[in-house]
Amino acid sequence: MHKKIDLLNIGLIVLSLIIAVLLPFKLFLFSYAILGPLHYLTEINWLKDKHYFVGPKSKWIKVFLGLAIVVAIYPLYKFLDFGLNNSWDETIRFVLGKSKVLILTAFLFSIGLFFFKKLSHILLSLLGSFLIAVCLLNFLPKWLFLLGLFLPTIIHVYLFTALFMLYGSSKSKSKIGYYGAALLLLVPFIIIFMDIDPAGYTVSKETATIYDASTFLKLNYIMTDIFGGLIDGKFRVISPVGLKVQIFIAFAYTYHYLNWFSKTSIIGWKKSLTTHKTIYILTIWAAAVGVYLYDFYTGLIALYFLSILHVFFEFPLNIVTIKELFRFKKASVSA
C-alpha cells in the first residue's frame, strides 16, 4: 500500500508541476477555490478526531480558534466597510491589522503545548509567545512580516508537506517515499533553471481582477523581490522571475492538496468521516465553491476564516512532525 501511494505522489508531483508551468495562474485559482475548502474541512475533522495531536490538552485548541477569529475579522471588516468615523476606523484597523503577530503567537504557543503541562506554565507560554511576537514587531518588523506571510502560505503548503513526506517515509522505511520527498524538494531548483519565455503567457482580465482585489500579489511580490526579480524596482508578474514564482506557488498549493487527498488510507483520515459528517462537509464545500463561482473575492473573504483556522489547528501536528524527524535522525546516528 505504501509503495503504491508513494508512486502515486511522485506522479502527482510531476503532474502538478507540468500543469503549473502551462497554467500558473488558473491552476492556482482552481486549486485554491475547489480543492482548498474540501481540504480544510476534511483535515479539521481529522485533527479533531486526533485531539489535535495535543491529547488531554486539546481544550487549549480554543486559543487557536480565538486567534483565528481575530485574524479573520480584519479582512471581513475592510470588505464590509461599516463607514465609521476616522478615529474609530483607524483604531479598529490598527488593532485588527496585527494579524502577523497573532499568527506567530499561535505557532509559538503550539510549541509550548508540548513542553509544559501545568496550567500556569501553559498560560505563561501563551503570554511569552505573544510578547516574542510583539518584540519582533517592534525590533525586527521585517522578520515578523516574512514569518507572518510565509507561515500560513508557503511554509504551510510546501515546507511542512515535505516534512510530512519525510516523516512518513522514515516510519514506513520506504525508499520510494524518500525519492518523492527528494523530488518535491528539488522542484524549486527545477523551476529556477527553467527557460521561461514571458511571451508565451497571458493573464485574462478576470484573473487579473481577482489578483488585484486579493492579497495574492503580495506573496508574489515579496518572493520576486527576494530572488532579485524586480525590474527597475517595480514588480512585473509577466516576467521570467515573476512567472517562476507564480509557477512555484501554483505547484505548491496544488500538490499540497493532492498529497492530502492521496493519503486517505495511509493516515486514515477517511475513517474519521461518518455518513453524517460526510454530508455536512460536502454541503459546506458545495456552498463554498458556489460562493467562489459567484464572486471569487467574496469567496476569499467568506472562506478566509476556515483557511486560517486549519493552518492554526495544524500547528501542533507540524511540531510533532519536526520532533519525530529529529528523534528519528538522532536514533539513526546513534545506531
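Is Lys173 buried or exposed? In this predicted model, Lys173 has a relative accessibility of 65% and therefore counts as exposed, the cut-off for that class being over 50%. The residue is placed in the loop between α8 (154-172) and α9. Its backbone also deserves attention, for Lys173 is not a glycine and yet has a positive phi of about 55 degrees.

His51 is located in the loop between α2 and α3 (61-80). With a relative accessibility of 46%, His51 is classed as partly exposed, because that class covers values between 20% and 50%.

Helix α9 (residues 175-192) packs with helix α12 (residues 240-262) at an angle of about 160 degrees, and the two axes lie 9 Å apart. The angle makes α9 roughly antiparallel to α12, since angles over 145 degrees are counted in that way. The crossing of the two helices is right-handed. On the α9 side, the residues in contact are Leu184, Val187, Pro188, Ile191 and Ile192; on the α12 side they are Lys244, Ile247, Phe248, Phe251 and Tyr255. Sorted by class, this contact comprises nine nonpolar residues, one charged residue and no polar ones.

Across the whole structure, a search finds 20 aromatic pairs. One of them joins Phe28 and Tyr32, whose ring centres are 5.6 Å apart and whose planes stand at 45 degrees, so this pair is tilted. Both residues belong to helix α2 (residues 24-49), where they are four residues apart, about one turn of the helix. Phe28 and Tyr32 are both buried.

The pair formed by Phe312 and Phe315 is stacked, with 5.7 Å from centre to centre and 25 degrees between the planes. Phe312 and Phe315 lie three residues apart in helix α14 (residues 296-334), which means that about one helical turn separates them. Phe312 and Phe315 are each buried.

Terms used
Residues are numbered from 1 along each chain as its sequence is written. This is a predicted model: local features need pLDDT of at least 70, side-chain atom pairs count only at pLDDT 80 or more; totals for chains, interfaces and linings use all residues. Side-chain values use heavy atoms; hydrogens and water are left out. Axes are lines fitted to C-alpha atoms, for helices over the stretch in contact, and angles run from 0 to 180 degrees between N-to-C directions. Angles under 35 degrees count as roughly parallel, over 145 as roughly antiparallel, 65 to 115 as roughly perpendicular and the rest as oblique. A crossing is left-handed if the near helix is turned anticlockwise from the far one by less than a right angle, and right-handed if clockwise. Contact means heavy atoms within 4.5 Å. Ala, Val, Leu, Ile, Met, Phe, Trp, Tyr, Cys and Pro count as nonpolar, Asp, Glu, Lys and Arg as charged, and the others, Gly among them, as polar. Rings of Phe, Tyr and Trp (its six-membered ring) pair if their centres lie within 6.5 Å; planes under 30 degrees apart count as stacked, over 60 as edge-to-face and the rest as tilted. Buried means under 20% relative accessible area, exposed over 50%, partly exposed in between (1.4 Å probe, protein chains only).
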